[in-house]
Amino acid sequence: MSVFAATLRRELLLGLRTPAEIINPLFFFVVVVSLFPLALTPSPETLRLLAPGVVWVAALLAVMLSLDSLFRRDEECGALEQLLVAPGELYLPVLARLCAHWLLTGLPLVLVAPLLGYMTYLPVEVLDTLWQSLLLGTPALTVIGAIGAALTVSVRRGGILLALLVLPLYVPVLVFGAGSVGRALDGMEVSSVLAVLGAILALAVSLGPFAVALGLRISSGD
Amino acid sequence: MSPTTPTSPILRVEQLGCERDERILFRDLAFQACAGEIWQVAGANGTGKTTLLRILAGLHGFHDGRVRWQVPGARHASAHDQILFLGHLAGLREELTAQENLRWLCALHDQPAAMIPAALSAVGLAGYDDAPVATMSAGQKRRVALARLWLPGKAVWILDEPFTAIDATGVEMIEQRLRKQAAAGTLVIYTSHHRLATDTRQIHLGGQGA
């Protein structure tokens with residue numbers, strides 16, 4: 001079996017054996033978005049106005065929360081060490097790790113987002129933009145966040161440090177992601193904004209795993 | 001203490017030094033190791049045995065001096081593809097079975113996954129292929145990790161405390177395996193307080209130097 005397939009298979013198995021890790025970010029996402037109508041106002045006009053930002057911020061934080069444990073378990077049991085002494089580039093196994101992580105934590109967010117958009121009175125035609133922007137944005141968030149997770153893997157309880165490292169890098173994704181939904185709400189064309197999100201994703205996927213691999217090496221070298 | 005051997009060394013360590021938290025673990029460490037030799041890294045706790053092995057395996061970049069591998073058949077100068085490194089952590093995820101853990105490690109390290117069942121029975125874990133590692137005892141977990149010693153394809157073994165948590169018969173079995181594999185041309189470098197009942201070379205860390 002190739003390194004990519006073997007790693008993807010292992011990570012998916014691990015994810016399915018520890019369902020809490022999949023359910024927690026999804027639960028967080030749904031709860032945060034559902035609390036806004038209670039805290040602010042149930043009025044459809046206001047909620048509709050806030051919905052793009054609320055859903056996107058909640059999705060961003062959900063992805064970030066899921067990343068703290070991305071490499072920690074492997075580090076604690078020595079599997080990360082085995083990854084680092086493996087011959088060949090780390091790009092493929094790291095990419096497989098990130099793909100599996102996104103499939104288990106990011107994709108459920110994309111799938112449930114239209115429901116939350118509907119709940120916050122987003123018009124049905126805007127829901128398409130919502131899930132499309134999240135489909136392009138959440139994998140980019142996973143990859144960018146993984147760089148921070150790799151750098152903080154040897155730091156016990158590095159959650160805050162991870163947030164400090166990663167949040168500034170998340171800003172462009174958030175701006176274009178929430179922006180695309182906002183534009184759709186205003187009836188403007190969104191394909192150009194989605195294209196920027198796609199470009200960020202392409203950049204993240206092509207270069208991100210190298211940065212993650214380097215981060216893991218730096219963390220383990222000390 | 002570099003012994004003269006007819007074959008040329010596949011590992012040359014020159015002026016190796018390492019500091020940790022402003023404390024010198026070792027300095028000016030030099031030795032040459034050839035294929036088929038067994039080296040024991042000895043020393044008291046905290047003298048840098050694990051650090052030395054991690055440097056040799058390429059995991060620890062912050063050191064002085066040089067480590068040069070010249071392993072026949074290695075694709076890179078780092079010789080990563082010819083090194084089997086087993087750290088003091090087993091590298092196994094508790095949620096996965098012995099077989100699943102080893103299959104991933106095999107894919108990662110170019111070792112044949114088809115031989116995993118045979119390797120597991122060689123370490124006395126026949127029938128445990130599909131047992132989650134979480135249900136195993138400490139000794140059994142260590143045996144799962146050590147099962148990789150029964151998979152072919154590596155010219156250098158770097159083993160950190162391989163005998164931890166292993167019972168007497170297990171220790172004997174692993175010793176035999178190390179001897180047999182060294183006789184077949186593998187360079188074995190290990191740390192342990194246990195001295196093999198065979199011709200091993202020693203590196204003493206702490207105090208008297210190399």
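Predicted model: local features only at pLDDT ≥ 70, side-chain atom pairs only at ≥ 80, totals over all residues.
**View 1. The contact between chain B and chain A.** In this view, 27 residues of chain B are in contact with 24 residues of chain A. Strand S5 (83-86) and helix H2 (98-108) of chain B each supply at least two residues of the side of chain B that touches chain A. H2(B) gives the largest share of that side, six residues. By residue class, the side of chain B that touches chain A holds 14 nonpolar, seven polar and six charged residues.

**View 2. The open sheet of chain B.** Three strands of chain B form an open sheet in the order S2-S1-S4, with antiparallel pairing. Strand S2 (23-33) and strand S4 (64-69) of chain B stand at the edges; each has a single partner strand, so one side of each is left without a neighbour in the sheet. From one strand to the next, the twist averages 20°.

**View 3. Strands S1 and S4 of chain B, with the helix that lies across the sheet.** Strand S1 (residues 11-20) of chain B pairs with S4(B) in the antiparallel sense, over five bridges. Arg12(B) has Arg68(B), in S4(B), as its bridge partner. Helix H1 (residues 49-56) of chain B lies across S1, S2 and S4 of chain B, and runs at about 130° to S1(B).

View 4. An unreviewed UniProt entry carries the annotation "transmembrane region" for several spans of chain A, including residues 102-124 and 160-181. In the model, residues 102-124 of chain A are 83% helix and 0% strand, and the end C-alpha atoms are 26 Å apart. Residues 160-181 of chain A are 100% helix and 0% strand, and here the end C-alpha atoms lie 29 Å apart.

**View 5. The packing of helices H6 and H7 of chain A.** Helix H6 (residues 91-119) and helix H7 (residues 124-151) of chain A pack at an angle of about 150°, and their axes are 9 Å apart. Angles over 145 degrees count as roughly antiparallel, and H6(A) and H7(A) are therefore roughly antiparallel to each other. The crossing of H6(A) with H7(A) is right-handed. Among the residues that make the contact are Leu98(A), Trp102(A), Gly106(A) and Pro114(A) of H6(A), and Leu130(A), Trp131(A), Thr138(A) and Pro139(A) of H7(A). The residues of this contact of H6(A) with H7(A) divide into 16 nonpolar, five polar and no charged.

Technical notes: Residues numbered from 1 in each chain as written. Chains lettered and ligands numbered in written order. Contact = placed C-beta atoms within 7 Å. Helix = DSSP H or I, 4+ residues; strand = E, 2+ residues; numbered from the N terminus. Nonpolar A, V, L, I, M, F, W, Y, C, P; charged D, E, K, R; others polar. Pairing = 2+ DSSP bridges. Axes fitted to C-alpha atoms, helices over the stretch in contact; angles between N-to-C directions. UniProt positions renumbered as here; feature names shortened; annotations may be inferred. Parallel < 35°, antiparallel > 145°, perpendicular 65-115°, else oblique. Left-handed = near helix turned anticlockwise from the far one by under 90°.
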